[in-house]
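Keep the structure open as you read.

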Amino acid sequence: MHTRFDALIAAVAALALAAIAVPAVALAAPAVTNAPGAVLSTAEMPAAVAVPGAGPSYRLTYRTVDHFGGPAESSGSVYLPPGPAPAGGWPVISYAHGTIGVADACAPSVVGLYQPEAQYVSKWLTRGYAVVATDYIGLGTPGPLPYLDGLAAAHAVIDMVRAARTAVPDLAPRWVVAGLSQGGQATMFTAHEATRYAPELDYRGAVALGVPANLEQIFPLAGPGIPDIGVKGLTLFLLYTVMGLGHVRPDLGMDGYLSPLGRSLAAKAEQVCTVDLRPIMGNPAVGELFSKSLNNRTMRQAFTDYLAIPTKGYDRPVFLGQGVSDLVVPFPLNVKLAADLKWSGTDLRFRMYPGADHVGTLTASFDDSTRFVDAVLR
């Protein structure tokens, strides 16, 4: 009797230990190296912040490089589809998130993705793609976030793929980049840099949505007295950009261009996320942020170096999607970007979506995006 009871207890204990001790995917140990993409830490993603319907999910920190090639750190998430990986591993989508704030507390790998973006990522998982998603440099890691620093964002997006493939053996080398808004700009820079920056990876193409293009021609016009021009969220996005440029180029003395209100809002922006900053800000006009005009030769060149999306030099296909009812990134900005890309010979698919607003472009473009991604990745 005791023998049977002991055997039963042992069997139950063995099953319980197996259930909690065997991970779905064996994570590789962090490497001791300073190379871009080197993994610094790995952890399982808490269920509360994971993407709905995802299989095993992880948070990584990893090495990357900044705008000038100096060492930097980033963090990010890895989401795998449920079930066993296919032969050769899951094909990868490196997702670049939209604007959520510049404070460390906003990092998606810590608090979860913005809900529409989480749903978007979930759709890719159901189609059999793994999704890796950088937080960008400085969002939850040492140093400030260089908001809309396209080159730094591209490095973080690409090195997220390197880090994820090091940590999770079930990922294939072939990948595409996708992103909305801030992430759409990061996507374009990634598309331009991917094969040169990481030739060992098999980069196939880009899905860029609601891309804030041609801002380098608009933002330097800001200064005292500039009125609201009807672009939703412009004051906030310009504030974030001025903060980011000031961090990357301290020689510009950006604080000297800000008004007392501008400096006060910048300080608050470093503490809270966008959703909480909006009610604090109220509705100031762009001109209220500044004590003097940005419209000088030095500033125009600085904004161009920092923001301007390359219009030639792409060696893989690009899908560009834009909502016609987008009031955050007005569609004429992307019409010009598309024309410049086509003129330079870029392999471009450009689609506009009547009735779709900024975030709505994620859903409106998904069928076209999947046809594009399936074609370049499968």
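Start with arginine 162, which is buried at a relative accessible area of 15%. The model is predicted. Buried here means under 20%, so arginine 162 falls in that class with its 15%.

Two partners meet this arginine. One is aspartate 159, in a salt bridge with arginine 162 at 2.9 Å, N to O. Both residues sit in helix 4 (residues 150–167); they are 3 residues apart, so about one helical turn separates them. Aspartate 159 is buried as well, at 0% relative accessibility.

The other partner is glutamate 200, whose side chain meets that of arginine 162 in a salt bridge of 2.6 Å, N to O. This pair links distant parts of the chain: glutamate 200 lies in the loop between helix 5 (182–197) and strand 7 (202–209), 38 residues from arginine 162 in helix 4. Glutamate 200 is partly exposed, with a relative accessible area of 48%. Shared partners join Asp159, Arg162 and Glu200 into one network of salt bridges.

The count of salt bridges comes to 9. Another of them pairs aspartate 374 with arginine 127 (2.6 Å, N to O). Aspartate 374 is partly exposed at 21%, and arginine 127 is partly exposed at 37%.

Now the covalent link. The whole structure holds 1 disulfide. Cysteine 106 is joined to cysteine 273, S to S 2.2 Å. The S-S torsion is about -120 degrees, so the disulfide is left-handed. Both cysteine 106 and cysteine 273 are buried.

Terms used. Residues are numbered from 1 along each chain as its sequence is written. This is a predicted model: local features need pLDDT of at least 70, side-chain atom pairs count only at pLDDT 80 or more; totals for chains, interfaces and linings use all residues. Side-chain values use heavy atoms; hydrogens and water are left out. A disulfide is a pair of cysteine sulfur atoms within 2.5 Å. Buried means under 20% relative accessible area, exposed over 50%, partly exposed in between (1.4 Å probe, protein chains only). A salt bridge is a side-chain nitrogen of Lys or Arg within 4 Å of a carboxyl oxygen of Asp or Glu. Helices (H or I, at least four residues) and strands (E, at least two) are DSSP runs, numbered from the N terminus.
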